[in-house]
Amino acid sequence: MAVQDIPEMGEHLDIEASETDRAAVAQFAGLRSLPSLTAHFDLARQGAGVRVSGRVTARVGQNCVVTLEPIESDVEEVVDLVFVPGDAPGAVKPEVDKPVEQDEEAIEPLVGGVVDLGKVATEFLLLGIDPYPRKAGAKFVPPKTGDSGAHPFAALEALKKPSGSGKRDG
């Protein structure tokens with residue numbers, strides 16, 4: 001959305017991703033499925049920039065990392081960003097290596113006077129996805145081996161030279 005199109009008193013937008021968009025995001029994110037993806041944004045102009053706040057919610061389908069069974073979970077992420085043109089007079093450019101403090105605003109570059117709300121929703125969805133989803137109650141049990149204590153490096157251990165005086169028989 002173009003900053004110039006945002007009314008002076010702000011604007012509220014509710015966005016729901018289409019089936020085609022959800023399929024593309026699911027493929028990009030490595031999800032089994034993405035049954036729903038919605039975003040609720042409040043936009044407020046701040047000089048030449050804009051503040052975007054709201055919430056991204058989704059239902060994601062993944063596979064359990066333990067059982068590999070399909071599972072679904074909910075994602076809910078709070079959005080609070082300030083977009084500022086990089087060339088605006090007095091614009092503060094955030095330091096790349098500096099961590100954002102809890103009370104500090106997250107500042108994003110405003111490119112061409114436009115905020116891509118679909119991109120914002122996708123980025124916050126990706127931040128909220130559990131990278132290691134686990135089915136409730138699933139526990140990893142290591143496979144039992146039939147060996148009586150033999151380990152994978154036993155053959156290498158047998159090749160190890162006995163330590164002694166360092167002299168070779170000869």
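## Overall architecture

Three helices and five strands make up the secondary structure of the protein chain, and the model that shows them is a predicted one. Read from the N terminus, the elements of the protein chain follow the order β-α-β-β-β-β-α-α.

Of the 170 residues in the protein chain, 26% are buried. Among the contacts with a separation of 6 or more, 65% are made by residues 24 or more positions apart. The protein chain exposes about 12300 Å², of which carbon and sulfur atoms supply 53%.

## Strand pairing

Strand S1, which covers residues 11-16, runs antiparallel to strand S2, residues 33-46, and six bridges join the two. Within this pairing, the residue that stands opposite Ile 15 is Ala 39 in S2.

S2 also pairs with strand S3, residues 49-63, again in the antiparallel sense and over twelve bridges; here Thr 38 has Thr 57 in S3 as its bridge partner. The hairpin of S2 and S3 has two residues between the strands, and in this hairpin Gly 47 takes a positive phi near 65°.

## A nonpolar surface patch

On the surface, a nonpolar patch is formed by Phe 153, Leu 156 and Leu 159, which together have about 370 Å² of accessible area. One of these residues, Leu 156, lies in helix H3, which comprises residues 154-159. Leu 156 is classed as exposed because its relative accessible area is 53%, where the cut-off for that class is over 50%.

Note on methods: Residues are numbered from 1 along each chain as its sequence is written. This is a predicted model: local features need pLDDT of at least 70, side-chain atom pairs count only at pLDDT 80 or more; totals for chains, interfaces and linings use all residues. Side-chain values use heavy atoms; hydrogens and water are left out. Two strands pair if DSSP finds at least two bridges between them. Helices (H or I, at least four residues) and strands (E, at least two) are DSSP runs, numbered from the N terminus. Patches are made of residues with over 30% relative accessible area and no salt bridge: like charges are joined within 9 Å, nonpolar side chains (Val, Leu, Ile, Met, Phe, Trp, Tyr) within 5 Å. Accessible areas come from the Shrake-Rupley method with a 1.4 Å probe; for residues, only the protein chains shown count as cover. A salt bridge is a side-chain nitrogen of Lys or Arg within 4 Å of a carboxyl oxygen of Asp or Glu. Buried means under 20% relative accessible area, exposed over 50%, partly exposed in between (1.4 Å probe, protein chains only). Contact means heavy atoms within 4.5 Å.
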